[in-house]
Amino acid sequence: MNQLIYGKENEMVYVFINMNSAGTVLTCSSEQLGTKTWMNHVYKWTKDTGQEIQDYKHCSILENGSLAFNDFGPEQSGIYKCSVSYSKEGKHHTKHFHFFVRAYHRPARSVEIQSAFYSALCSSAANSIYIRSFLQHLNGLVRNLSCEVFEKYTECIWPLQGRNRSEVRMTVLMFPYGVMWEIHCPPESMNKDCEQDIMDRSKEAYERIHHSIEVLNEFQLHEGNLPSLHYKTGSLLAYKVDHCKPGFGKSNSTDGCSNCCIACDPGLYSSLNTVTCVTCPLGSYNGHYGKTECETCTRSLVTYHKGATSSEDCVSYDCFFLGQSWAKFCSTRSWSSCTT
């Protein structure tokens with residue numbers, strides 16, 4: 001069944017569309033005007049980039065001028081503008097409607113797992129080797145369940161007085177969206193309870209980890225010249241946490257989709273091991289919705305601010321130090337013209 005969304009004159013309408021869904025229709029009209037067909041009517045749809053929208057695989061323009069989405073993904077998010085020109089009672093009229101459309105999905109439950117190990121060494125270099133080996137072991141246990149494990153943080157506690165060993169504490173996140181996930185639960189699946197499938201797989205994955213670490217004590221690292229790493233009995237703890245897919249971040253807004261995972265805006269991104277959209281760092285930019293990383297400025301250029309949305313925001317160091325008012329001017333000119 002189609003979901004019909006009406007516009008409002010001179011007011012933005014916020015629309016949230018479940019990722020990979022079809023059937024949402026934006027009408028180039030208001031509820032007051034309805035779906036009437038006027039004499040000599042002309043419809044025109046554009047995106048916030050100014051590009052005119054034509055029929056393509058993700059959307060189509062219907063006979064009444066409405067825009068219907070067929071397969072909505074994060075890259076289709078953005079501002080959609082429609083204008084309709086028509087004749088009524090011998091007079092010419094033009095109406096404008098704006099829609100801010102965002103892809104979303106409901107948060108899934110991930111598992112945060114904490115554990116501790118004893119070691120005779122406490123250093124960041126050793127920790128890097130320890131966590132890498134630990135992740136390899138855990139992922140080997142859960143990979144065929146479409147789960148993946150990533151580091152959240154690792155810390156080393158120096159030994160207390162009278163003890164000759166330190167404590168390495170490793171915290172990881174086990175995500176339900178991992179390898180082969182689209183095969184187990186494809187987006188177009190209508191006959192499968194994917195939410196229940198996520199819960200079942202996450203539960204089985206943790207049971208495997210618990211049995212391997214706590215019961216069998218299988219992970220005892222011996223690598224090169226590093227001191228042995230031994231599990232601290234009883235330290236394995238697990239907590240359920242909300243998690244968004246890469247390219248999405250948790251929203252606490254009240255504009256229609258509270259607590260949803262929303263496609264990250266341009267200038268923001270979220271990677272595999274983050275649960276919120278974060279700002280692109282200096283020297284990078286992102287001009288699209290739902291991205292998992294930012295593009296790096298070429299030729300060692302920098303950006304004047306974090307959260308840049310275009311390669312045009314990349315400037316030379318010389319222009320950077322001149323200040324914001326000069327940055328964009330200098331980005332397209334030589335240094336000599338900037339100083340005149």
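The legends below describe several close-up views of a predicted model.

Residue numbers start from 1 along each chain as its sequence is written, and side-chain values rest on heavy atoms, with hydrogens and water left out. In this predicted model, local features need pLDDT of at least 70 and side-chain atom pairs count only at pLDDT 80 or more, while totals for chains, interfaces and linings use all residues.

**View 1. Strand E8 and its partners.** Let's start with strand E8, residues 91–105. Helices (H or I, at least four residues) and strands (E, at least two) are DSSP runs, numbered from the N terminus, and two strands pair if DSSP finds at least two bridges between them. E8 pairs with E2 in the parallel sense over seven bridges, and Asn-18 stands opposite Tyr-104 of E8. With E7, E8 runs antiparallel and is joined by 11 bridges; here Lys-88 has Lys-91 as its bridge partner. E8 also runs antiparallel to strand E15 (residues 261–263), joined by two bridges, and His-105 is partnered by Cys-261 in E15.

**View 2. Val-101 within E8.** Val-101 is found in strand E8. At 0% relative accessibility, Val-101 counts as buried (buried means under 20% relative accessible area, exposed over 50%, partly exposed in between, with a 1.4 Å probe and protein chains only). The C-alpha atom of Val-101 is separated by 6.1 Å from that of Ile-79, a residue 22 positions apart along the chain.

**View 3. The aromatic pair of Phe-69 and Tyr-80.** Nine aromatic pairs turn up in a search of the whole structure. Rings of Phe, Tyr and Trp (its six-membered ring) pair if their centres lie within 6.5 Å; planes under 30 degrees apart count as stacked, over 60 as edge-to-face and the rest as tilted. Phe-69 and Tyr-80 make an edge-to-face pair, 5.4 Å centre to centre with 85° between the planes. This pair links distant parts of the chain, 11 residues apart: Phe-69 belongs to strand E6 (residues 67–69) and Tyr-80 to strand E7 (residues 78–88). Phe-69 is buried at 2% relative accessibility, and Tyr-80 is buried with a relative accessible area of 1%.

View 4. Since Phe-117 lies in strand E9 (residues 108–119) and Tyr-231 in strand E12 (residues 230–231), the pair ties together parts that are 114 residues apart in sequence. Both Phe-117 and Tyr-231 are buried.

**View 5. Arg-165 over Tyr-118.** The charged end of Arg-165 sits over the ring of Tyr-118, at 3.7 Å from the ring centre. For this term, NZ of Lys or CZ of Arg must be within 6 Å of the ring centre and within 35 degrees of the ring normal.

**View 6. Strand E11 and its two partners.** E9 pairs with E11 in the antiparallel sense over nine bridges, and Ser-115 stands opposite Met-170 of E11. Strand E10 (residues 148–157) also runs antiparallel to E11, and nine bridges join them; in this pairing Cys-156 stands opposite Val-168.

**View 7. Residues with positive phi.** Most residues other than glycine have a negative phi. Asn-10 has a positive phi near 60° and sits in the loop between strand E1 (3–7) and strand E2 (12–18). Asn-10 is exposed, with a relative accessible area of 79%. Ser-146 takes a positive phi near 65° in the loop between helix H1 (124–142) and E10, and Ser-146 is buried at 1% relative accessibility. Glu-89 has a positive phi near 55° in the hairpin of E7 and E8, which has two residues between the strands.
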